[in-house]
Amino acid sequence: MSRDGVLHGGGATAAGPALAGMGEALRLVESATPAELRRRGVALLGDAQGLPWVRCLALDASGRWLGDDDRSRLACDDFRHPYAHAIRRGERLALGLGEARSRLDHEAFQETVAGLPAAWRLVVQPLRARDGQREWLGVLALAGPADELEPLLASADFQAFETLWCHLWAWQVRQHDERQHQALLRDSLAKLNDGARRRGLSERLGRDIRGGSPAIRALRDQLVRAAETHLAVLLQGETGTGKDLVARGIHEVSSRAEGPFMAINCAAIPESLLESELFGHARGAFSGADRAREGLLGQADGGTLFLDEIGDMPLALQAKLLRVLESGRYRPLGASEERRVDLRLVAATHQPLHRRIREGAFRADLYYRLGQFPLALPALRERREDIPELALAFIADFCRREGREDIGLGRAALRALGERDYPGNVRELKNLIDYACAMTRDGEDIVPEALPPAGLPREPGEAAGAEAAPPRGASEEVADLRRALRDYEATLIRQRLDRFDGNRSLAAESLGLPKRTLAHKCRQLQLDTP
């Protein structure tokens with residue numbers, strides 16, 4: 001567009017009047033965004049046309065604010081500003097700058113035009129779509145000598161420019177809105193699909209991690225979330241809460257499900273053998289190592305390694321495990337080269353690791369590395385409503401395992417199960433059910449009398465008939481106190497092992513002993529119960 005009002009392409013001398021300005025029009029059409037379109041339109045009026053002062057402000061989606069691409073905003077209901085006033089009237093506003101400075105007291109407007117000559121003319125043109133929808137787009141503000149502005153604004157070329165500019169602007173805004181709508185729709189569908197997938201995985205976990213209580217449903221949902229990541233998972237909970245099932249469940253619904261799942265109980269392996277079990281060893285690494293052996297780290301490559309009772313891991317081995325987690329490398333005992341390993345680690349403990357850290361028995365840096373995704377397993381007393389479902393599942397499992405006919409569960413027995421304390425949690429409930437099933441004939445219901453006695457052992461002399469209580473009058477007949485205490489200890493341990501069907505972990509916990517101490521006492525007292 002020239003100063004006589006004719007739009008033309010810069011430097012184009014061969015084009016006829018009908019093709020004048022097609023270069024600038026093409027630049028407008030090629031604008032990728034509304035903001036770019038506005039910048040090119042302003043540049044066309046300022047640089048190509050030679051107008052000394054041009055501004056363009058866009059109306060936001062709410063219709064409440066006008067803003068430029070420098071992030072400054074103007075409230076549309078502040079009619080002291082000529083831009084808002086022009087949109088309100090819906091028609092062009094023109095006035096001299098000297099008059100504007102004296103009549104308009106809007107501080108931001110005064111700052112905008114402070115450096116412009118008072119003799120110039122200010123024109124504010126409201127912009128809106130030219131099609132049937134007629135939505136407001138923004139305002140165009142021009143300032144300059146009146147003898148330059150008035151011919152330009154009256155020309156047919158300027159009208160054509162404004163029409164094309166607003167048409168492209170409205171089209172791009174609608175395209176942007178449509179893309180946002182489509183993106184929101186895709187996001188909503190993705191969330192629905194993702195939610196359905198997670199619900200399916202949670203239901204799949206429910207086949208092994210049984211229960212419908214809020215606590216166990218929340219746990220299954222957390223397991224699915226954990227399985228979606230590659231973070232190390234730390235399971236904390238009381239003995240018997242099913243940490244092994246949870247660890248395997250995370251593996252089975254993760255992207256590593258096709259890989260191996262390897263597990264080891266750090267408290268059940270002697271310290272001298274634990275490092276070899278984990279890292280493996282080369283031939284000749286130590287006496288008796290007549291061949292190389294791959295450890296659990298190597299066997300778990302591509303899958304999941306579950307370290308149960310990690311609180312019992314020796315400090316020296318903790319440091320080596322930390323390096324594996326940080327570098328993905330390990331060295332078998334006696335080997336000269338390191339190996340790479342890609343695995344997810346799930347660790348579990350019933351011990352309060354914070355206390356172990358304070359005692360100097362557990363590394364704080366390893367604790368934080370293991371606890372990238374901490375999970376707390378609820379105790380059975382926190383989800384008693386799951387006891388009926390668990391009990392029936394354990395009965396079915398017993399019958400299938402032992403080849404027995406159907407055994408039922410009477411209401412009185414179920415009520416008795418619901419009233420018990422469960423220091424051994426789900427594992428203790430399973431042992432109770434197994435015992436009761438063994439004491440019940442095929443086709444009959446379990447009755448309360450079939451359940452083993454409830455409660456922890458009483459201290460000697462606490463009450464008549466108490467577990468392992470010395471015989472009446474025994475204190476008068478004792479001739480060898482050391483032998484009597486030994487016999488009493490052996491009787492108490494044997495009774496406790498019988499109660500928990502030989503499960504030393506439960507027996508040790510109920511007696512307040514470490515499992516290793518109980519194993520030592522069993523050997524010392526010559527108790528051959530496994």
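Domain bounds, as used below, come from an automatic or database domain assignment. The model is predicted: local features need pLDDT of at least 70, side-chain atom pairs count only at pLDDT 80 or more, and totals for chains, interfaces and linings use all residues. Residues are numbered from 1 along each chain as its sequence is written, and side-chain values use heavy atoms, with hydrogens and water left out.

**View 1. The largest cavity and its lining.** Rolling a probe the size of a water molecule over the atoms shows where empty space is left. A cavity is a set of points, on a 1 Å grid over the protein atoms alone, where a 1.4 Å probe fits but cannot get out. Grid points are joined across faces, edges and corners, and a volume is the space filled by probe spheres set on the points. Searching the whole structure gives one cavity of 30 Å³ or more. The largest cavity has a volume of about 40 Å³. Lining residues have an atom within 4 Å of a point. They are P423, G424, E428, F500, L506, E509 and S510.

**View 2. Who supplies the lining of the largest cavity.** Domain 3 (381-450) and domain 4 (482-525) each give at least three residues. Helix α20 (residues 504-511) gives the most, with three residues. Helices (H or I, at least four residues) and strands (E, at least two) are DSSP runs, numbered from the N terminus. By class, the lining has three nonpolar, two polar and two charged residues. Here Ala, Val, Leu, Ile, Met, Phe, Trp, Tyr, Cys and Pro count as nonpolar, Asp, Glu, Lys and Arg as charged, and the others, Gly among them, as polar.

**View 3. A parallel open sheet of five strands.** The order is β8-β11-β14-β7-β15. Two strands pair if DSSP finds at least two bridges between them. β8 (261-265) and β15 (373-376) are at the edges with a single partner strand each, so one side of each has no neighbour in the sheet. Neighbouring strands are turned by 15 degrees against each other on average, direction ignored. Axes are lines fitted to C-alpha atoms, for helices over the stretch in contact, and angles run from 0 to 180 degrees between N-to-C directions. Five bridges join β8 to β11 (residues 304-308). I264 has L307 as its bridge partner in β11.

**View 4. G259 in its loop.** This loop lies between α9 (243-252) and β8. Which residues does G259 touch, not counting those up to four places away in sequence? They are H251, G302 and G303. Contact means heavy atoms within 4.5 Å. The C-alpha atoms of G259 and T304 are separated by 7.4 Å, yet these residues are 45 apart along the chain.

**View 5. An antiparallel open sheet of six strands.** Its order is β3-β2-β1-β6-β5-β4. Edge strands β3 (73-75) and β4 (93-96) each pair on one side only. Six bridges join β1 (residues 53-59) to β6 (residues 136-144). W53 has A143 as its bridge partner in β6.

Conventions. 1 Å grid on protein atoms, 1.4 Å probe; cavity = no way out; pocket = protein on both sides within 12 Å on 5 of 7 lines; lining within 4 Å.
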